Amino acid sequence: MKDKVKVLRYNNVDLDYKLILKFHQLIYVSTPLNKSLIYFDSNFPKYFKQVIEDSINNLISILVVNDNVVGFLHFKLLGNRVFLNNIYVSERLQGKGLGKLFLKKSLDLLDLRNFKIFELDVFSKNIIALNWYEKLGLKTVAISNWRQILCFHPHNVLS
């Protein structure tokens, strides 16, 4: 049986945002950054609610597999740039091509004619993520002491 996969705008579904808050934390749970980032701060839910309400500068999409929400993605829309702020796919579903599909379908929710650059940053020690992004075709354009910035033209995304 084939999985039923949907990618939806978060603001188009009735879903408690606390699940997405939990997903933010799960991204880092098995890393040295666990409990040390903004996502673990008691003020983050209030901040994230404001992000959700600002649909002009943010796009949040959810990944639904067989009617279960198993991931989220957050784009910040900054002038002519699409910035991938976070992407999460349930660990049990990783390695099956869902992340790539999720990223592509989330970009499809945007009018890419308005954007010239797709970028993200990633912790330099997050080798798994770096390898995945490079496999998708992103190129490192800058490195700081703790992160790398990768980007490419949004029209070339995952071709």
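Student: Let's start with Ile52. Which helix does Ile52 lie in?
Tutor: Ile52 lies in helix α2. Keep in mind that this is a predicted model.

Student: Is Ile52 buried or exposed?
Tutor: Ile52 has a relative accessibility of 18%, so Ile52 counts as buried, the cut-off being under 20%.

Student: And what does Ile52 touch, not counting residues up to four places away in sequence?
Tutor: With those set aside, Ile52 touches Tyr10, Tyr17 and Ile60.

Student: What separates the C-alpha atoms of Ile52 and Ser124?
Tutor: Those C-alpha atoms are 28 Å apart, and the two residues are 72 residues apart along the chain.

Student: On to the rings. How many aromatic pairs are there in the whole structure?
Tutor: A search of the whole structure gives 9 aromatic pairs. One of them is Phe23 with Phe72: the ring centres are 6.5 Å apart and the planes are at 15 degrees, so this pair is stacked.

Student: Which parts does the pair of Phe23 and Phe72 tie together?
Tutor: Phe23 belongs to helix α1 (residues 18-28) and Phe72 to strand β3 (residues 68-78), so the pair ties together parts that are 49 residues apart in sequence. Phe23 is buried at a relative accessible area of 6%, and Phe72 is buried at 0%.

Student: What about Phe44 and Phe48?
Tutor: Phe44 and Phe48 make a stacked aromatic pair, with 5.6 Å centre to centre and 25 degrees between the planes. Both sit in helix α2 (residues 44-53), 4 residues apart, about one turn of the helix. Phe44 and Phe48 are both buried.

Student: Why would that spacing matter for direction?
Tutor: An α-helix has 3.6 residues a turn, so residues three or four places apart point the same way.

Student: Which residues do ring pairs link into a cluster?
Tutor: The cluster consists of Tyr28, Tyr39, Phe44, Tyr47, Phe48 and Phe123.

Student: Switching to α3: which of its residues are buried?
Tutor: In helix α3 (residues 98-108), the buried residues are Leu98, Gly99, Phe102, Leu103, Ser106 and Leu107. They span an arc of only 165 degrees around the axis, so they lie on the same side of α3.

Student: What do the buried residues of α3 pack against?
Tutor: They pack against β1 (5-9), β2 (58-65), β3, β4 (81-89), β5 (117-123) and α4 (127-135).

Student: Which residues touch the most other members in the largest nonpolar core?
Tutor: That core has 28 residues, and Phe75, Leu84, Leu103, Leu110, Phe118 and Tyr133 touch the most other members. The elements giving two or more residues to this core are β2, β3, β4, α3, β5 and α4.

Student: Take Phe75, then. What is Phe75 in contact with, leaving aside neighbours within four places in sequence?
Tutor: The contacts of Phe75 include Asn57, Leu59, Val82, Leu84, Leu103, Leu107, Leu110 and Phe118. There is also a second, separate core of 17 residues, which includes Leu21, Phe23, Tyr28 and Tyr39.

Notes:
Residues are numbered from 1 along each chain as its sequence is written. This is a predicted model: local features need pLDDT of at least 70, side-chain atom pairs count only at pLDDT 80 or more; totals for chains, interfaces and linings use all residues. Side-chain values use heavy atoms; hydrogens and water are left out. Rings of Phe, Tyr and Trp (its six-membered ring) pair if their centres lie within 6.5 Å; planes under 30 degrees apart count as stacked, over 60 as edge-to-face and the rest as tilted. Buried means under 20% relative accessible area, exposed over 50%, partly exposed in between (1.4 Å probe, protein chains only). The arc is that of the directions from the helix axis to the C-beta atoms. Contact means heavy atoms within 4.5 Å. A nonpolar core is a set of buried Ala, Val, Leu, Ile, Met, Phe, Trp, Tyr and Cys residues joined through side-chain atoms within 4.5 Å.
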